[in-house]
Amino acid sequence: MATQDGGEEVIMETETKPKETESLGEDGERGDAEATSQTDAGNATTQDSSISNGDDTDDTQETVDLKIIWNKNKYDLKIPVDSTGAKLKDKIHALTGLPPAMQKVMYKGLLPEDKTLREIKVTNGAKIMVVGSTINDVLAVNTPKEVIQQEVKAEENKKEPLCRQKQHRKVLDKGKPDDIMPAIKGTKERLPTVPLSGMFNKSGGKVRLTFKLEQDQLWIGTKERTEKVPMGSIKNVVSEPIEGHEDYHMMAFQLGPTEASQYWVYWVPAQFVDAIKDTVLGKWQYF
């Protein structure tokens, strides 16, 4: 019996071990399957995370951070550098509620709508000045200005060229100022970052024009003093090429209701004439 029992015990051990091995094999296979499943899941997660949801378009584009200043309020705005001026106006509308048509957006002069921020060299941290008000305010302020402009143009058509009139000849006959700024005929440029200088006023004295966009003011400076004029108070701006020197203009800023309040400036470089008018009067004068 002892020998048989021992044999039986050996047989039992021999039969038991394969079962344990089989059990371990099943657990191993199960573990391998789970590991494979986890690896596949991890790969799937990695693949899913690389798929765009379609809303991250700006994240892949080069952007600039801007400071939008309007009505004494400041707003932070990040926008793709290849956005146009018109797109910037839409973003400003979303920030301020001011409709694009009512915005006068300025960065070194009036910001063009058809050019990109990259083209006009807008840099990170740039300050963008926005001037604008409600439609009722614009109508109240600018409708009379438009009427005055039409009256002035009609009157100008009846007169001889301004540069031939006696009151202007006494200044023009002095000739060009020694320190006059270079002029380019037939071109349009944005306002320079420095004041326009080297010009004469009606009395023949030296005068410079500084455009303070952040304050919406035109500074008219002479040797004696500097007059700070709100751009909204300027009723009209007229100009005319100087005969024989068409690359320069004579220009008047109408500071009051009649022509008697015109402030004349002579030898204004022709390339800046349109930019001066757009900056002072804006492109949304009348609706």
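## A salt bridge between Lys206 and Asp179

In this predicted model, Lys206 forms a salt bridge (a side-chain nitrogen of Lys or Arg within 4 Å of a carboxyl oxygen of Asp or Glu) with Asp179, and the closest N and O atoms of the two are 2.9 Å apart. Lys206 lies in strand E6 (residues 206-212) and Asp179 in the loop between H4 and strand E5 (196-201), so the pair ties together parts that are 27 residues apart in sequence. The names of these elements follow DSSP runs, with helices (H or I) of at least four residues and strands (E) of at least two, numbered from the N terminus.

Lys206, with a relative accessible area of 40%, is partly exposed, and Asp179 counts as partly exposed at 43%. On this scale, buried means under 20% relative accessible area, exposed means over 50%, and partly exposed lies in between, with a 1.4 Å probe and protein chains only.

## Other salt bridges

A search of the whole structure finds eight salt bridges. One of them joins Arg164 to Glu243, with 2.9 Å between the closest N and O atoms. This pair links distant parts of the chain, 79 residues apart, since Arg164 is in the loop between helix H3 (135-158) and helix H4 (166-172), and Glu243 is in the loop between strand E9 (236-242) and strand E10 (245-254). Arg164 is partly exposed at 47% relative accessibility, and Glu243 is partly exposed at 38%.

Arg169 forms a salt bridge with Asp173, where the closest N and O atoms are 2.6 Å apart; Arg169 is partly exposed at 28%, whereas Asp173, at 55%, counts as exposed. Glu62, Asp82 and Arg118 are linked in a network of salt bridges.

## Helix H2

Helix H2 (residues 85-96) has twelve residues and should span 16 Å at 1.5 Å a residue, which agrees with the 16 Å between its end C-alpha atoms; the expected span is 1.5 Å times one less than the number of residues.

In H2, the residues Gly85, Leu88, Lys89, Ile92 and Thr96 are buried. They cover an arc (taken from the directions from the helix axis to the C-beta atoms) of only 100° around the axis, which puts them on the same side of H2. The buried residues of H2 pack against strands E1 (63-70), E2 (73-80), E3 (104-106) and E4 (127-131), where contact means heavy atoms within 4.5 Å. Just after H2, Gly97 takes a positive phi of about 85°.

## Basis of the values

Residues are numbered from 1 along each chain as its sequence is written, and side-chain values use heavy atoms, with hydrogens and water left out. Because the model is predicted, local features need pLDDT of at least 70 and side-chain atom pairs count only at pLDDT 80 or more, while totals for chains, interfaces and linings use all residues.
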